[in-house]
Amino acid sequence: MEETINKKYIIGFMDTEAGKIPKVPTALNIVDKWGTFRVRWSFNRMGYTVTPGIYAVGNPNRDSLVLVSANYKLSFDVLRQAIKGMDAYIMVIDTNGINVWCAAGKGTFGTSEIVNRIEITELKKLVNHWNIILPQLGAPGVSAYEVKRLSGFSVIYGPIRAVDIKAFINAGMKASKKMRQVRFSIYDRLLLVPMEIMSGLKYILWAAFITVLLSGFSKTVYSTTTAVIAGAHSVLILILAYLSGTIFGPLLLPWLPGRSFSFKGGILGLLLFAILCVTGFIGKNLIESIAWLFLIPAINSFIVMNFTGASTYTSLSGVRKEMRIAVPLQVIFAFIGIVLYVISRFI
Amino acid sequence: MEEQKYLKNVVTLEFYFIKCTGCGMCETVCPHSVFEVKEGKAHITERDLCMECGACAKNCPTEAIRVKAGVGCAGAIIMGALTGKEPTCGHSDDSKKSCCG
């Protein structure tokens, strides 16, 4: 895979029987931090990679631990920060620049890539032991007993979060129950908000454009002035609906009623509609108001439904089930909303 | 904070008690602690917490667990429906279109 970012994080090389190995520090420099910030905002997220291979942290020797990571630089950076003060090897495997959990789901963080990478990097020559530590979230793609059978190396599943790795090692490779459970805290969800906002930007621009076009209709003529003036007001409501779904959907997730994400989104939309009515944003034209009563919940239901992909506890069967009901409703609501909106232009 | 639970009675997780050797791999890999080893055998604690990631089945040496693994992602399901493929993260090999990363 092509290296698409500069390698300022490599601070030297060490000679080993398995060849020259780059050394990396356990603190992030300004370039790393800027990179983290950018990918959180979804810029060049897919090109944020590390070249697969072995990296050294501290001064590892033949008895040092081997920790496996994805070649998404964010994953790699989180891991090296977590092992500050340790002497260890990091084996970066090729996951096409995707994080551990998603890559495991796809199978790219998987048995064959690990077995191949052990061969390519000549791991056998590098260390005296036969153990590799994998993040627990790699397990959906990896069969530990297959790796053992094919490579001779035993897979030890470490904790879910890299920050727990030291505690795990110090406890004699034992993880507490908490270390084994994935969370979805308000902070975890907050980190996803920028990406949520960026993800649908182009759709909301299209929707705004169409709204302005539709806003030009009136009883008598099509007026571009009306399109811009009335349109601007509607676009503002549209943007508020978008932001409510992408910001408050994730943040308020556990407190929104219901279990299905689309239902939670619909309720969030109703809430926003109520707020906009009370504040006088909506209400001058009855039919237009009813149009928004259908449109805003439809938009928010759709946005929050899409947050299932970023969540850490939804199943494929579950999402399929909720979509069978939610998607037709969203389409009907949106259709009624648009029709009413156009009708309201002529009254 | 409160535990987040998804829909009830929907997951495809199946466990064949008789095949279980109690090795504990499922308990280790499950990110939602669905399995617990008691008296030499694994037990399902709360089936509805399963998110069908497939880690348990993949790591069970005796094939005592079966689950139709997949991603609980509406975006992936929509793309899957449009392209006629199974829903996956980053639905195509063109990883530029992937939504996770």
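A residue is called buried here when its relative accessible area is under 20%, exposed when over 50%, and partly exposed in between. The exercises below concern a predicted model.

**Exercise 1. Determine which residue forms a salt bridge with Lys73(A), and whether the two residues are buried or exposed.**

Solution. 
1. The partner of Lys73(A) is Asp32(A), with 2.6 Å between the closest N and O atoms.
2. Lys73(A) and Asp32(A) are both buried.
3. The pair belongs to a network of salt bridges that also links Asp77(A) and Arg80(A).
4. Over all chains, the structure holds 13 salt bridges.

**Exercise 2. For the salt bridges Asp164(A)–Arg161(A) and Glu119(A)–Lys124(A), state the N to O distance and the exposure of each partner.**

Solution. 
1. In the pair of Asp164(A) and Arg161(A), the closest N and O atoms are 3.7 Å apart.
2. Asp164(A) and Arg161(A) are buried.
3. Between the side chains of Glu119(A) and Lys124(A), the N to O distance is 3.8 Å.
4. Buried requires under 20% and exposed over 50%. Glu119(A), at 49% relative accessibility, is therefore partly exposed.
5. Lys124(A) has a relative accessible area of 42% and is likewise partly exposed.

**Exercise 3. Identify the buried residues of helix H6 of chain A and describe what covers them.**

Solution. 
1. Helix H6(A) spans residues 144–151, and its buried residues are Ala144(A), Val147(A) and Ser151(A).
2. Viewed down the helix axis, the buried residues of H6(A) fall within an arc of 60 degrees, so they line one face of the helix.
3. In an α-helix there are 3.6 residues a turn, so residues three or four places apart point the same way.
4. From chain A, the cover includes helix H4 (111–120), helix H5 (123–126), strand E6 (131–134) and strand E7 (154–157).
5. Chain B contributes helix H1 (25–29) and helix H2 (55–59) to this cover.
6. Just after H6(A), Gly152(A) adopts a positive phi of about 90 degrees.

**Exercise 4. Locate Glu122(A) and Ser33(B), and give the phi of Glu122(A) and of Ser33(B).**

Solution. 
1. Most residues other than glycine have a negative phi.
2. Glu122(A), which is not a glycine, has a positive phi near 55 degrees.
3. Glu122(A) sits in the loop between H4 and H5 of chain A and is partly exposed, at 33% relative accessible area.
4. Ser33(B) also has a positive phi, about 50 degrees, without being a glycine.
5. The loop between H1 and strand E2 (35–38) of chain B contains Ser33(B), which is buried at a relative accessible area of 12%.

Methods: Residues are numbered from 1 along each chain as its sequence is written. Chains are lettered from A and ligands numbered from 1 in the order in which they are written. This is a predicted model: local features need pLDDT of at least 70, side-chain atom pairs count only at pLDDT 80 or more; totals for chains, interfaces and linings use all residues. Side-chain values use heavy atoms; hydrogens and water are left out. Buried means under 20% relative accessible area, exposed over 50%, partly exposed in between (1.4 Å probe, protein chains only). Helices (H or I, at least four residues) and strands (E, at least two) are DSSP runs, numbered from the N terminus. The arc is that of the directions from the helix axis to the C-beta atoms. Contact means heavy atoms within 4.5 Å. A salt bridge is a side-chain nitrogen of Lys or Arg within 4 Å of a carboxyl oxygen of Asp or Glu.
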